[in-house]
Amino acid sequence: MSDFRLKVFYSVAKNLSFTKASQELFVSQPAITKHIRELESLYGVRLFDRQGNKISLTGAGELLLEHCERILAEYRKLEYDMHLLQQEYAGQLRLGASTTIAQYVLPPVLARFTEKFPKMDLTLMDSNSRNIERALQEHTIDLGMVEGVFRLPDLKYEPFLCDELVPVVCAESSLAVHDELSMEEFYRVPLVLRERGSGTLDAIEMALAEHNLKLSAMNVRLHLGSTESIKSFLKYSNAMGIVSIQAIEEELKEGIFKVVDVDGLQVKRHFCFVKPQGQEDSAATHFMHFLRNYLKFESKNSCVIGSL
């Protein structure tokens with residue numbers, strides 16, 4: 001049974017769509033259907049139940065998917081390790097990163113990594129922390145990077161970078177006259193924050209809890225799905241955002257935004273690698289080592305965590 005036939009089944013099973021699998025694998029839909037029929041003929045079972053335009057996995061399909069995930073992971077490891085015998089880094093690595101990391105930490109790292117290892121087939125999923133953790137559990141990515149509120153016991157978290165979330169306002173805002181607010185003043189300030197499921201919002205809630213404050217009691221105007229959307233909103237608003245210092249370095253230099261401290265409030269966290277417990281992936285380990293090295297030697301103001 002060919003590697004590609006397994007890839008076809010895996011794509012259909014994960015997307016529950018022949019059309020999406022066709023688009024994902026860049027082959028025709030009739031070819032996708034043919035590969036699935038050949039698998040069903042080989043094992044003498046139906047792999048999918050079809051009801052109108054919807055499909056679902058049968059019990060046999062669920063079993064094949066379970067084995068398929070392990071087999072394809074071994075194929076990726078085999079390809080990587082065999083090339084490594086020739087001192088060559090090649091193979092597939094599927095990364096996932098929470099939005100802040102994907103937008104503000106990874107771009108220069110990925111650019112350097114792909115220049116140095118052009119035979120590595122690298123993909124990046126950009127979503128909030130909970131979706132990245134879910135993708136790991138579903139085996140759709142090999143390595144995640146999230147904003148470190150540790151949650152799931154079946155996943156292993158390794159901090160690699162310190163981060164600080166800071167209260168920020170537009171320099172044109174009426175709030176910009178302040179250098180610092182008391183906790184009582186902060187309690188009344190209109191806030192624009194990240195969405196539920198983001199590591200950023202989790203970290204803010206934990207910091208507020210240390211002051212016996214609940215997010216539900218704060219003056220939250222709205223939640224937005226990315227730091228960039230918060231930054232854009234703040235330019236036209238008298239509200240305050242709480243965002244990663246990594247996300248506003250340029251705007252602070254240019255005088256577009258101003259950090260307004262809140263007395264007693266510190267929101268610090270770690271960016272973490274996350275992977276399944278007990279599972280080692282050679283390509284993922286290589287990328288982790290590369291990223292730590294890059295941050296150590298290129299980032300002047302960052303606290304890099306972990307051995308090199």
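Trainee: Is D163 buried or exposed in this structure?
Mentor: The model is a predicted one. D163 has a relative accessibility of 4%. The cut-off for burial is under 20%, so D163 counts as buried.

Trainee: Which residue forms a salt bridge with D163?
Mentor: Side chains of opposite charge can pair when their charged atoms come close. Here the closest N and O atoms are 2.9 Å apart, and the partner of D163 is R269.

Trainee: How many residues apart in sequence are the parts that R269 and D163 tie together?
Mentor: Start from the pair itself, the salt bridge of R269 with D163. R269 lies in strand β13 (residues 267-276), and D163 lies in strand β6. The pair therefore ties together parts whose separation in sequence is 106 residues.

Trainee: What is the relative accessible area of R269?
Mentor: Burial requires a value under 20%. R269 is buried. Its relative accessible area is 6%.

Trainee: Which helix holds the salt-bridge partner of E158?
Mentor: The side chain of E158 meets that of R292 in a salt bridge, 3.8 Å from N to O. E158 sits in strand β6 (residues 155-170), so the pair ties together parts 134 residues apart in sequence. R292 is in residues 282-298, helix α12.

Trainee: Are E158 and R292 buried or exposed?
Mentor: E158 has 18% relative accessibility, so E158 counts as buried. R292 has a relative accessible area of 8%. The cut-off is under 20%, so R292 is also buried.

Trainee: Which residues are linked with E158 and R292 in a network of salt bridges?
Mentor: The E158 and R292 side chains meet in a salt bridge. The network links them with two lysines, K156 and K275.

Trainee: How far apart are the closest N and O atoms of D49 and R46?
Mentor: D49 counts as partly exposed, at 29% relative accessibility. D49 forms a salt bridge with R46, with the closest N and O atoms at 2.2 Å.

Trainee: How many salt bridges does a search of the whole structure find?
Mentor: The protein has 35 positive and 42 negative side chains. The centres of the two sets lie 4 Å apart. The number of salt bridges found is 19.

Trainee: Which helix holds E185?
Mentor: E185 belongs to a negative surface patch, together with E180, E184, D261 and D263. E185 is partly exposed, with a relative accessible area of 31%. Patch residues need over 30%. E185 is in residues 183-188, helix α8.

Trainee: How far apart in space are L252 and C170, C-alpha to C-alpha?
Mentor: L252 lies in helix α11 (residues 249-254). L252 is partly exposed, at 29% relative accessibility. L252 and C170 are 82 residues apart in sequence, and their C-alpha distance is 9.8 Å.

Trainee: Which residues does S226 contact, leaving aside its neighbours within four places in sequence?
Mentor: S226 is found in the loop between β9 (220-224) and α10 (227-234). S226 is buried, with a relative accessible area of 16%. The contacts of S226 beyond those neighbours are T99, R194 and E195.

Trainee: What share of the residues of the protein counts as buried?
Mentor: The protein has twelve helices and 13 strands. Of the 308 residues, the buried share is 46%.

How values were computed. Residues numbered from 1 in each chain as written. Predicted model: local features only at pLDDT ≥ 70, side-chain atom pairs only at ≥ 80, totals over all residues. Heavy atoms only, no water. Patch = residues over 30% accessible without salt bridge, like charges linked within 9 Å, V, L, I, M, F, W, Y side chains within 5 Å. Areas by Shrake-Rupley, 256 points an atom, 1.4 Å probe, with all protein chains shown as cover. Salt bridge = Lys/Arg side-chain N within 4 Å of Asp/Glu carboxyl O. Lys, Arg positive; Asp, Glu negative; His and termini not counted. Charge placed at Lys NZ, Arg CZ, Asp CG, Glu CD. Helix = DSSP H or I, 4+ residues; strand = E, 2+ residues; numbered from the N terminus. Buried < 20%, exposed > 50% of the residue type's maximum accessible area, 1.4 Å probe, protein only. Contact = heavy atoms within 4.5 Å.
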